[in-house]
2 protein chains.
Amino acid sequence: MYRQISNNGHWSGQAGAAYSGAIVAQSGHLDALVALERIGTRLSFARNAEIYAEGGDSDYWYKVVSGSVRICKLLADGRRHIAEFCFSGDCFGLENGSERIYSAEAVDEVIIMRYRRSATEQMVDQHPSLARLLRDTVLRELSNAHGRMLMLGRMTAPERVAAFLLQMYERRARTKVLDLPMSRIDIADYLGLTIETVCRILSAFKREEVIAIPNPHRIELLDRCALEAINEAGGGAAI
Amino acid sequence: MYRQISNNGHWSGQAGAAYSGAIVAQSGHLDALVALERIGTRLSFARNAEIYAEGGDSDYWYKVVSGSVRICKLLADGRRHIAEFCFSGDCFGLENGSERIYSAEAVDEVIIMRYRRSATEQMVDQHPSLARLLRDTVLRELSNAHGRMLMLGRMTAPERVAAFLLQMYERRARTKVLDLPMSRIDIADYLGLTIETVCRILSAFKREEVIAIPNPHRIELLDRCALEAINEAGGGAAI
DNA sequence: CGCCAGTTTGACCAAGATCAACGCAAGTGG
DNA sequence: CCACTTGCGTTGATCTTGGTCAAACTGGCG
């Protein structure tokens, strides 16, 4: 049961103009976005630093500029669940209630934009297009969540790992060589498996020459079709 | 498959149940709601009828007036997954893409309101408050989905069944006597278990006098604290 | 070099799935 | 009215997947 979290992250105060991903990509609503940009603050966090804690106030929402973030929850008896990984361009921390149900942690070195919720609320009322943009972001998240529910509820361990690899392929670089910033424990807690099972299945895939594992954080997809076949059996990739 | 009852439903229909009235409950935006009402159509469906099919167009979204709806997906090899049960007041079919990823079916006799998406889109731009209302609805759904993910990924079978019973208690009548409109198979597919496991665990709860089962569709919560204790161990109820 | 965190592998175990039979109440048709 | 069917639900016996426990391996670093 080793699972420590190192010291805290640090700010780098200045408001920056870092553009990538979810909201910006599908825009065409530039004035609203520029205004949104103006109310954001740029922050940076060290590996394993806590971005916000379970139980804290949800006064802000965030957008990843670079690096990876995990949204997770630790149960009383040590079981952990990772609800989502967020990569550059992804939004997180958009919540309904006033209190965080999950915490957010930096998987590696992370830079994010932080937006005050109240300020966004006002802007959203003035810019219907921004409202729709935000709503679509949330709807996409909801659709992802449904895919993950299907995975956790009805897919076997190999199907889950295959789906995970394909998902990472789609969401990160669409290249044969996949670099995974997160640890095996993170992957296990994301897939609802144990670290040993994840290892064994990756090893099995390696044995079957479906993937290669030059080092633990780098996986090469040698035979993506094989992975897709495994995943297809379970109803298609989540996400 | 469905018959149209009358062109216009009425929102006041079933104010009441705790969880219900997603949109209505927190309103106070009457003009927008009345306008929304005007673009809705009231429909009714027979038990097990399909409200919309996987793969169909997502031109509409819906709100349950009475009865229960299941949002589900059938995999190629027969595995089935139920993403959500919707009871009176709940919205469903709000989606991002143009195509349905899940189907919706009537669990029992159901009456629903149907809203055209395009019409809603226009209204939403004119009524910022409605936009926020809709977004909050989706955010609540997202939060529920996260709870379910935790359950499917990290909770044991007894924890899931306990969580399910408590959830039904909260969402339907908050009375000792719980009537469950759905079948055991529906429950199993919702919890990511098999029908046999659900039966066995319900029987175990009955043996321990935590619940009584006067008939398959009626369960009495004799000892809600015991259920809560079981559920707590797994990180608290989903929803 | 030895230590430490993370990863991998093996042996064994148990939760839950699968397979099979039976119960039971609501139709249905003779 | 009574056999017969049909669709759930329940229970038992057995099997499999993935979890648990334990030990070995690897690469980085003081």
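Predicted model: local features only at pLDDT ≥ 70, side-chain atom pairs only at ≥ 80, totals over all residues.
Two residues are said to be in contact when heavy atoms of theirs lie within 4.5 Å. From helix 6 of chain A come Arg184(A), Ile185(A), Ile187(A) and Ala188(A), and they meet Ile195(A), Val198(A), Cys199(A) and Leu202(A) of helix 7 of chain A.

Two packed helices are described by the angle between their axes and the distance between the axes. For helix 6 (residues 184–191) and helix 7 (residues 195–207) of chain A, the axes come within 8 Å and cross at roughly 100 degrees. Angles of 65 to 115 degrees count as roughly perpendicular, so helix 6 of chain A is roughly perpendicular to helix 7 of chain A.

Helix 6 of chain A also takes part in a charged pairing. Side chains of opposite charge can pair when their charged atoms come close. Here Asp186(A) forms a salt bridge with Arg70(A), with 3.0 Å between the closest N and O atoms. This pair links distant parts of the chain, since Asp186(A) sits in helix 6 of chain A and Arg70(A) in strand 5 (residues 69–74) of chain A, 116 residues apart. Over all chains, the whole structure holds 34 salt bridges.

Attention now turns to the meeting of the two chains. Between chain B and chain A there are ten salt bridges. In one salt bridge, the side chains of Arg132(B) and Asp125(A) meet at 2.2 Å, N to O. Polar contacts across the interface of chain B and chain A involve 20 residue pairs, both residues at pLDDT 80 or more.

On the side of chain B that touches chain A, at least two residues each come from strand 6 (80–86), helix 3 (117–126), helix 4 (128–154) and helix 6 (184–191) of chain B. Helix 4 of chain B gives the most, with 21 residues.

In total, 46 residues of chain B are in contact with 46 residues of chain A. The two chains bury about 4000 Å² between them, 59% of it on carbon and sulfur atoms. Within chain B, the most area is lost to chain A by Arg135(B), Met149(B) and Arg154(B), together 20% of what that side buries.

Definitions and conventions:
Residues numbered from 1 in each chain as written. Chains lettered and ligands numbered in written order. Heavy atoms only, no water. Buried area = accessible area lost by both parts, 1.4 Å probe. Salt bridge = Lys/Arg side-chain N within 4 Å of Asp/Glu carboxyl O. Polar contact = N/O pair within 3.5 Å; in protein donor to acceptor, adjacent residues only side chain to side chain. Helix = DSSP H or I, 4+ residues; strand = E, 2+ residues; numbered from the N terminus. Axes fitted to C-alpha atoms, helices over the stretch in contact; angles between N-to-C directions. Parallel < 35°, antiparallel > 145°, perpendicular 65-115°, else oblique.
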